[in-house]
Amino acid sequence: MGTIYLDHAATTPVHPRVLKAMLPYLQEQYGNPSGVYHLAREAKKALEAARERVAQFIGAQAQEIVFTSGGTESDNMALQGVARANRGRGNHIITTSIEHHAVLDTALALEKEGFSVTYLPVDEYGLVRVADLKKAIRDDTILISIMYANNEVGTIQPIGDIGRVAREHNIIFHTDAVQAAGYLPLDVNRDGVDLLSLSAHKLYGPKGVGALYIRKGTRIDTLLKGGGQERKWRPGTENVAGIVGLGEAVGLAREKMQERGARLRHLRDMLIAGVLGGIDFARLNGHPEKRLPGNAHFIFEFIEGESLLLSLDLEGIAGSSGSACTSGSLEPSHVLLAMGIPHELAHGSLRLTLGDGNTEEDIKRVLAVLPPVVKRLRDMSPLYSQNAEVSNC
Amino acid sequence: MYSAKVMEFFLNPKNIGEIENPDGVGEVGNPRCGDIMRITIKVEDDHIVDVKFKTFGCAAAIATSSMITEMAVGKTIKEALELTNRSVADALDGLPPIKMHCSNLAADALHAAIRDYQKRSH
């Protein structure tokens, strides 16, 4: 039996159409886009066609798209670049306690440089309250960075409302849309977004390539210094094949968004209903409705996430966990803790993220495998027997 | 990232459970950290004759728990007190560095159970 891959929020396989689009640029069309000869011009043309497609995908203009090495670089450039370029205007940045570490750790580094950062709390579903954002805004606030949808629990933030608040106060607004892209219709003008991070490999594109949308007129410094590529926004010879792959991936995502969303929602709801109906002391994390179509995130009380993941892996099921043991730290997921979930529960989380390759049969198999795996681990757990004693009283 | 032996002990742990009317009980770790081990022992003529464990934790925590129960059975109290977290990890062909301090508590749990036994018998 093959692997049932349920970790699409971590990465996705390259779609055959994307691979086909990329291949010529690894071999016969290998030109450096900065050159003047025919071969180079062909590469440059492909680069600009991809830029146009990415721009269309988010309702932007082509010259507002800068290609990067992925979501992490885009987030770093947005935060560091805006903070440094706008230091004269102010010193304060607002973000949330549930951001990806590419944003959170960059914010922490900026604090060490002397910037002041507010980390907005979230409610029990992982939602940012717009009222909290309004309260946090100061005269010296220069940047708001709030993710479009959360990578762990899949909660979708009220980006349009946040964008309006940012616009009213004339504050630059960045959103990390790495997880939302392909599942939610993105429109930087509708949502008042000034900077937006994208990554190809979450969208059936290749790893190592992404983009940062920079609204025309936004004051931002570059991270890298070097040649004139990307109009100096991002020096370094362009990853032409990767960028072509990103262009094809967003094109595909645009075409398939409706169909993909409906299919994933159906499978996800089947999975959630089966897990919550079939296993005691299981709960769903994140928002019941405002969640990404492919995201199912659970906590199984009395067991630890890594044991669960390894047990599922031996059954050919690939998932992920916010467990401390899988992240190499002693603290469980910062997202779950920010949602008010206690440490002991946060250790027992399981994230299953669905994608194009998954079928109803996959979900049925997970629903058959999961209960005995959870039972085996609970039978070993001193917390479970203690709890069983309590409930018998 | 785990040795074959860790995986083997994680998948087929020995001596799961709790001894009824144990001579000593030891519990270490806490749910906040993500690892709890509870070890119960039976002692006869200064020898550990039975050991059982219950563990909440990662694969390393479960494998080390199982390993300590097998290492401790038949040992005198003095010998059992000489077992260390390090010797348990070595018997499992090592643990990933990050696990050495967070999930490698089995000898501590056994020692806690022995101390409990010693307290009770004095």
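# Exercises on a two-chain predicted model

Helix 8 (residues 305–314) of chain A is mostly covered, with eight of its ten residues buried. Buried means under 20% relative accessible area, exposed over 50%, partly exposed in between (1.4 Å probe, protein chains only). Helices (H or I, at least four residues) and strands (E, at least two) are DSSP runs, numbered from the N terminus.

The model is predicted: local features need pLDDT of at least 70, side-chain atom pairs count only at pLDDT 80 or more, and totals for chains, interfaces and linings use all residues. Residues are numbered from 1 along each chain as its sequence is written, chains are lettered from A and ligands numbered from 1 in the order in which they are written, and side-chain values use heavy atoms, with hydrogens and water left out.

## Exercise 1

List the buried residues of helix 8 of chain A, then inspect its two ends.

Step 1. The buried residues are Gly305(A), Glu306(A), Ser307(A), Leu308(A), Leu309(A), Leu310(A), Ser311(A) and Leu312(A).

Step 2. Look at the start. A side-chain oxygen of Glu304(A) comes to within 2.9 Å of the backbone nitrogen of Glu306(A).

Step 3. Look past the end. Gly316(A) follows the helix and has a positive phi, near 80°.

## Exercise 2

Step 1. Apply the contact cut-off: heavy atoms within 4.5 Å.

Step 2. Check one pair by C-alpha atoms. Val153(A) and Tyr5(A) are 148 residues apart along the chain, and 18 Å separates these atoms.

## Exercise 3

Describe the open sheet of chain A and identify its edges.

Step 1. Seven strands take the order 2-8-7-6-5-3-4, with mixed pairing. Two strands pair if DSSP finds at least two bridges between them.

Step 2. Strand 2 (65–68) and strand 4 (116–120) of chain A each have a single partner strand, so one side of each lacks a neighbour in the sheet.

Step 3. Neighbouring strands are turned by 20° against each other on average, direction ignored. Axes are lines fitted to C-alpha atoms, for helices over the stretch in contact, and angles run from 0 to 180 degrees between N-to-C directions.

Step 4. Take one pair. Strand 6 (residues 172–176) and strand 7 (residues 195–199) of chain A are parallel, over three bridges. Thr175(A) stands opposite Leu196(A) in strand 7 of chain A.

## Exercise 4

Work out how helix 1 and helix 2 of chain B pack.

Step 1. Helix 1 (residues 4–11) of chain B meets helix 2 of chain B at about 80°, with the axes 8 Å apart.

Step 2. Classify the angle. The two helices of chain B are therefore roughly perpendicular (65 to 115 degrees; under 35 is roughly parallel, over 145 roughly antiparallel, the rest oblique).

Step 3. Name the contact residues. Helix 1 of chain B gives Val6(B), Phe9(B) and Phe10(B), while helix 2 of chain B gives Ala59(B), Ile62(B), Ala63(B), Ser66(B), Met67(B) and Glu70(B).

Terms used. A polar contact is a pair of N or O atoms within 3.5 Å; within protein, one must be able to donate a hydrogen and the other to accept it, and residues adjacent in sequence count only if both atoms are side-chain atoms.
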